[in-house]
Amino acid sequence: MFKKLFKRDKSQKKSPSENSLPDLFRFKYSCFKMLLDSNSEFLNVITDLEEKLCGEQVFGMSYVRTRSAKAVFHALRMIKNLDDISGHRYSRLFEVLENIDLKIKEILNRKKEVSISELILPYSEINAEMIDWVGGKNANLGEIESRIGLPIPEGFAITTKAFESFLFSTDLFDKVSKKKMEIDPDDPDTVKKISDDIRELIISADVPPAIEEAIMLAYAKLADKTAYGKSPGTFMRVSMRSSAIGEDSELSFAGQYLSKLNVPQEQLITTYKEILASLYTPSAIAYRLNKGIRDEDIAMSVACIQMVESVASGVMYSRNPLNILEDNIIITAVWGLGPYAVDGVITPDVYTVGKDGRTLSSEISRKTVQLISKPEGGLTEIPVADDLVEKPSLSAENIAVLAGYARKLEEHYGCPQDIEWALDRNGTLFILQSRPLRAEDAGKRYPASPVLPGYPLLIEKGVTVSGGIGFGPAFHVSSEDDLLKFPDGAVLVARHSSPKIAMVMKKTRAIITDKGNIAGHMATLAREFAIPTIVSTDVATSVIPAGMEVTVDAYSGRVYQGKVHELEVFQKTGGFPMKETPVYRILREISDWIVPLYLLDPASPDFAPSSCRTLHDISRLVHEFSYTEMFKLSDFISDKKGMAFKLKVNIPLDLYVIDLGSGVTEKNINLNSISPDNITSVPLKALLNGLMNRDFQQNQCRPVEFKGFLSVMREQMLSPPSAAERFGDRSYAIISDKYLNFSSRVGYHYSVIDSYCSRTVNMNYISFSFKGGAADDIRKNRRVRAIARILQSLDFTTEVSGDRINARYQKHELHLMEEKLDFVGRLLQFTRQMDMLMINEASIEILAKNFLEGNYNLEKIIACN
């Protein structure tokens, strides 16, 4: 497949020639955007895999297939676009990817998972490992009954085998596939129309007799097991709930799929078809399109559960969701059916119960209405009897039983649980659902906790990228030498996140950085090693001195001085129910070809396609090389004319703008020149703000130190630069709304800036390069070291070699990107002819210090020093 794709791309999709430079730039920029998009999606897949590898969340083989296929797809897309940008110089990567993909397929195909023939399964025969056959909700209910031994309502699952048989026996699969071909992902109207058509096809189709008979027989057996089968004139009603597989669980939790309560016998088949049809709601179709999920990998099972005529119902938490330090059970309860407790229609009673079963407090609310089942089907609201309005909805015995359920569920799943329950008219308490209890933090789910009194709070809020609690002495890392000296059991503190920290992952107890983000390479490594990690604190290196004992609460994004003993119990422990299952072992094996990152240092000679061992290695290498390729854009235009707008701006540059699209407004524009007001490119506007900074007087003569001037004259007389070293006086800015490639070639030095600025943090970067000058090598080297000193203080990573500096700033919020580009614009103004002023080593620190303090007048700086 990879060879055919590569061959087809080379023969059919040729990049524009250099004779059409605007088209060439647009082509390369389009490829670059797609590469960045796939890099972001690939890192999201890795984050998702790492969460599943913790073993706390239930998943099946459909999840393993879709995620591995998605990872391969985005790795291929990155390679393809890098190869197009570079003029097909990275074909070796296709072979590397193909080899890794073959390894993944060998694992997936080694032993095809056993399918089932059953159309119906009772909950007594279901457990968590059967998620591919019965979906997540059914698998979880079966686990609760068959392995934990807690009561759930009587019921059964209509399996995914029934779903597949229904689609294929009625030709619905082919009909649905043809309909989907009419969808235009960019046109919501087509999604809505096709959604309506597909759902109508499903609802109007006849359910095959074998499936209908199996459902009705299972219903009859269920009725016989209950009082309804023994009481003439009574008819059992059921709750029918969607239980889908093949998609992220949060989709169904967001109400995308249909569930119905109090369904009578005569509506079973119709309701079943309506729930199947809910797979094709507009929002569900759009979700799958956007996430790249194939319809072949989704299926719908349906839960069919005896309707509990609830006297009371509600939700309980095995640990206080507002305070994880409080190891108490919280029970909420209302009269009647549960939706009023979940939806917040009624303020529920709230009971706080210790893990020993003692009720610590009760808050009884005024409950004026309740939700009940109607005899003919459906639900209705009625008033609560006057004598029950302010009466507790649970007895002391009920509370003790529920607390016991909560303890067992938390013990089995190894983490706090969010539990739905119901109390029937016979006094039996049922579990309706149980799922992990989490509070959202920075887009991820971790338990919440309040600030602990009695301990100095060093950092109040950072961004959690890997949850947990860590203790130890702080050890500051700013270089590879520091990593080599890193002691066992320390807490790593650094200005920037870096994948090189992998060197000490097994030694460190926690990681804290000033900068970083949730999708970075180091964040991925921290989750893989389960290291509590907080990034984007801004102040860690300044407020945490080396050697200080600290406690890192990476659940809440806080750092305390000293050891906080109250948090010791929250270090990750407990069972992980998925870890011993066959599907987990397959995911673990496949993830070894996807998740690990071995290419950590771009400067290493091993940073090459031949050294890529995983898809993550490929992603890292392609991402790094793409910057280099885009950086070369400026090389195409040093002697091209007649294809750009001249920018009318009061700066000492002859600047021309090439618009790739949406970088320039068409208002008040002419064919020859434009003004800064015409610029809509975010990075160029920010750079121009710095270049046009009012503190720089454009007509001011640059100060010249006499010895420096003689050095320049002597260097030019004795070693005149060749034509290749002398650059044209034109400067160019290749732009779009979010992109900038700026090349300034003046006299005997040049600078190049390549930047992407958007609201997607993971795609943002600034690359800066500066080289040359007219003075001797010593002064030119001092100048780039001064520039490096300035950029390091602005949180850039830098590399200096001779008279050249390369610097990088990446993966930060949009406002920070604009702020740094403003500074880079000022720096370009500040450093003109600065090599003449680099009279000694002290000049480096003097000029850097003055720039950072906002003192840009070089005459005053020289005079004062």
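Predicted model: local features only at pLDDT ≥ 70, side-chain atom pairs only at ≥ 80, totals over all residues.
Colleague: What makes S19 and S20 paired strands?
Modeller: Two strands pair if DSSP finds at least two bridges between them. Four bridges join S19 (residues 491-494) to S20, and the two run parallel.

Colleague: Why is the pairing of the whole sheet called mixed?
Modeller: S19 and S20 run parallel. S18 (residues 469-477) and S22 (residues 549-553) pair in the antiparallel sense over five bridges. There, Gly470 stands opposite Val552 in S22. The eight-strand open sheet has the order S16-S23-S22-S18-S19-S20-S21-S17.

Colleague: What makes S16 and S17 edge strands?
Modeller: S16 (457-459) and S17 (463-466) each have a single partner strand, so one side of each is left without a neighbour in the sheet. Neighbouring strands of this sheet are turned by 30° against each other on average, direction ignored.

Colleague: Which way do the residues of S20 point, and are they buried or exposed?
Modeller: In S20 (residues 510-513), Ala510 and Ile512 point one way, Ile511 and Thr513 the other. Side chains in a regular strand alternate between the two faces of the sheet. All four S20 residues are buried, which means under 20% relative accessible area.

Colleague: What share of the protein is buried?
Modeller: Of its 865 residues, 54% are buried. The protein exposes about 37,700 Å², with 51% supplied by carbon and sulfur atoms.

Notes. Residues numbered from 1 in each chain as written. Heavy atoms only, no water. Buried < 20%, exposed > 50% of the residue type's maximum accessible area, 1.4 Å probe, protein only. Areas by Shrake-Rupley, 256 points an atom, 1.4 Å probe, with all protein chains shown as cover. Axes fitted to C-alpha atoms, helices over the stretch in contact; angles between N-to-C directions.
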